[in-house]
Amino acid sequence: VHDLVRRYLPSALTLRARRAYFATLAALHPGAEPEGDPLLPPRHLLDFVGGGDFLAQGRLHRELFIRHGGLRPEDDVLDVGCGIGRMAVPLTGFLAADARYEGFDIVPEAIAWCQAHISAQHPNFHFQLADIHNRTYNPRGRLAATAYRFPYPDASFDFQLSTSVFTHLRRPALAHYLAEIARVLRPGGRCLNTFFLLADPATDAGPAGRPSQDFRYAMPDGGRSVSPVDPEKAIAFDAADVLALMAQVGLRIEAPVLWGSWRDGSEAPAYQDMVVARRTVAA
Ligand SMILES: C[S@@+](CC[C@H](N)C(=O)[O-])C[C@H]1O[C@@H](n2cnc3c(N)ncnc32)[C@H](O)[C@@H]1O
């Protein structure tokens, strides 16, 4: 049943149903919301970011940005598809007060929460809404991701990140976003993005094990999805394709791909695959 739901039930429906359920719970039992940390979003918003502990996952990723991406406290940072601030929250304790963090996302409620709770306490953290259509996250959005120009001038950032965003975008949007990332990064700036990457079986068969996602449906515009009716539910791309797209826009791969645990259930540092790249001086 889980397999059929995964393939055929649009995730917008399940996401909406779960959010409505937790919002109703919160209204009926206000004391039942998690307490303690003012930067922990309410449960009906936590659904945007998948499984795992919100604060622990944020801290884990912050360490990966530092260790593998070379993130520094003085960096100006762009978080593409920032959601409800899972990566922003731990960065509030790391970035210097005069370093700038910018995040954008397509879910109005998520951005409103980040502005009210994160920016209110950390004025160097800014969040913007992009009214982009995505079948799962913003079905009424007016803009196509492929037509969206990131709202920042060229060469604005030292570091760009996205976590679990390119796993929900079609290939044309991925190609466009990579070009935008290259545009807004300063020469020498670094980026760390996560993906579901399909490795070339000839060069990397991967350790034994059953992948936790079944990307059986080839998309006409590139990549493979877990669902024929709701492709943006989870999308994977060939590793070689993503690396070639990055090279085309002037993002030079810095280190080997950090393979995630989704492929083999291993003790990899994170669930999704990570690619670190550096903006070359002349794209
Ligand atoms: C699984 S969530 C991850 C959120 C956040 N990056 C995190 O790790 O907590 C996927 C996010 O991608 C956002 N998203 C989907 N399409 C997008 C687009 N075209 N541009 C920017 N964000 C997008 C969704 O709104 C959602 O917040």
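In which strand is the place of phenylalanine 127? Phenylalanine 127 belongs to strand β3, which spans residues 125-129.

The structure is a predicted model, in which local features need pLDDT of at least 70 and side-chain atom pairs count only at pLDDT 80 or more, whereas totals for chains, interfaces and linings use all residues. Residues are numbered from 1 along each chain as its sequence is written, and side-chain values use heavy atoms, with hydrogens and water left out.

**Figure 1. The chain as a whole.** The chain has eight helices and 11 strands; these are DSSP runs numbered from the N terminus, with helices (H or I) of at least four residues and strands (E) of at least two. Of its 283 residues, 50% count as buried, where buried means under 20% relative accessible area, exposed means over 50%, and partly exposed lies in between (1.4 Å probe, protein chains only).

**Figure 2. The surroundings of phenylalanine 127.** Phenylalanine 127 is buried, with a relative accessible area of 5%. Beyond its neighbours within four places in sequence, phenylalanine 127 is in contact with Cys82, Ala88, Tyr101, Gly103, Ile111, Cys114, Gln115, Ile118 and Ser119; contact means heavy atoms within 4.5 Å. The C-alpha atom of phenylalanine 127 is separated by 9.2 Å from that of glycine 85, and the two residues are 42 residues apart along the chain.

**Figure 3. The two sides of helix α8.** Helix α8 comprises residues 239-249, of which Ala239, Val242, Leu245, Met246 and Val249 are buried. These five cover an arc of only 135° around the axis, which puts them on the same side of α8; the arc is that of the directions from the helix axis to the C-beta atoms. An α-helix has 3.6 residues a turn, so residues three or four places apart point the same way. On the other side of α8, Ala240, Ala247 and Gln248 are exposed. The cover over the buried residues of α8 includes α7 (171-184), β5 (185-195) and β11 (273-279). Glycine 250 follows α8 and has a positive phi, near 90°.

Figure 4. The ligand is surrounded by 21 residues, the closest being Gly81, Arg86, Asp105, Thr163 and Tyr177; a residue is near a molecule if one of its heavy atoms lies within 4 Å of it. A nitrogen atom of the ligand lies 2.7 Å from a polar backbone atom of glycine 81. A ligand nitrogen atom is also 2.8 Å from an N or O atom in the side chain of tyrosine 177.

How values were computed:
Polar contact = N/O pair within 3.5 Å; in protein donor to acceptor, adjacent residues only side chain to side chain.
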